[in-house]
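Please examine the sequence and the structure shown below.

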Amino acid sequence: MDKVLAIIVTYNGMQWIDRCLGSVRSAGINAFVVDNGSTDGTAQHIQSHFPEVKLTVSKENLGFGAANNLGFRAVLDGGYDYAYLLNQDAWLEKDTLSILLSAAAPEYGILSPVQTDAEGRLDRQFAKKCGRALKRAPADSHGIKKVSFVMAAHWLVSRKAIEEVGGFSPVFSQYGEDDNWIHRAHYFGFKAGIVPGARAVHDRAGRRPSKEARMNLKCVSTVVRLSNP
């Protein structure tokens, strides 16, 4: 199997961390966790129950992008072939990783499994952003359905893409990071795709963004469009 490092950014993630890191352990790959100043004991729980995990504890919340950049650096320094970006509220299914790696092709900088909720239904945002492509787009010779965007709860990212595209932009501290990174990946000639045979969970069905978060997203979306190379 190719050498893969799972990168997980945690912030008060006790509700999901056993499922998340347990799935990584079952997949037989290493994990690099950046804890963004959790106050619920997440970091201490990881140290006690997942001693094999490389854990970096920040005293402040670095944000999603900056924390993942630490993981990207670990991928490059550690000689890994791929990064697997995994949300703290997400987990792999038994064959997720092996199916993705079997389909991987050099032109794809990002591959995602089909992202479901904990009940097995399509994740609401995944259905909104990728549902049409999943239903209508033909699969290529690798069995991959090309998409313009897929959310970063589950991203298999190639080393070559990290080397050429770089890390997440510091312009985006929360939201918009994944949009901007995919735009830049496209600029450098990399594709993003979904492997229909692979499935994985993003457990957020019961949560709705606040009014403040929705307004912030509207503002960030303008910066995302202006930043598209």
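The model is predicted. Side chains of opposite charge can pair when their charged atoms come close.

Helix α3 spans residues 64-77 and holds both Arg 73 and Asp 77, which stand four residues apart, about one turn of the helix. Their side chains meet in a salt bridge, with N and O at 3.2 Å. Asp 77 counts as exposed because its relative accessibility is 58%, whereas Arg 73, at 47%, counts as partly exposed.

Helix α6, residues 159-165, contains Arg 159 and Glu 163, again four residues apart. These two residues form a salt bridge in which the closest N and O atoms are 3.0 Å apart. Arg 159 is partly exposed at 24% relative accessibility, and Glu 163 is partly exposed at 49%.

Asp 117 lies in the loop between β6 (108-116) and α5. With a relative accessible area of 6%, Asp 117 is buried, because buried means under 20%. Asp 117 forms a salt bridge with Arg 121, the closest N and O atoms being 3.0 Å apart. The side chain of Asp 117 also reaches the backbone nitrogen of Glu 119, at 2.8 Å.

On the surface, Arg 124, Lys 128, Lys 129 and Lys 218 gather in a patch of positive charge. Helix α5 (residues 124-136) gives the most to this patch, namely three residues. Lys 129 is found in helix α5 and counts as partly exposed, at 47% relative accessibility.

Definitions and conventions. Residues are numbered from 1 along each chain as its sequence is written. This is a predicted model: local features need pLDDT of at least 70, side-chain atom pairs count only at pLDDT 80 or more; totals for chains, interfaces and linings use all residues. Side-chain values use heavy atoms; hydrogens and water are left out. Patches are made of residues with over 30% relative accessible area and no salt bridge: like charges are joined within 9 Å, nonpolar side chains (Val, Leu, Ile, Met, Phe, Trp, Tyr) within 5 Å. Accessible areas come from the Shrake-Rupley method with a 1.4 Å probe; for residues, only the protein chains shown count as cover. A salt bridge is a side-chain nitrogen of Lys or Arg within 4 Å of a carboxyl oxygen of Asp or Glu. Lys and Arg count as positive and Asp and Glu as negative; His and the chain ends are not counted. The place of a charge is taken as NZ of Lys, CZ of Arg, CG of Asp or CD of Glu. Helices (H or I, at least four residues) and strands (E, at least two) are DSSP runs, numbered from the N terminus. Buried means under 20% relative accessible area, exposed over 50%, partly exposed in between (1.4 Å probe, protein chains only). A polar contact is a pair of N or O atoms within 3.5 Å; within protein, one must be able to donate a hydrogen and the other to accept it, and residues adjacent in sequence count only if both atoms are side-chain atoms.
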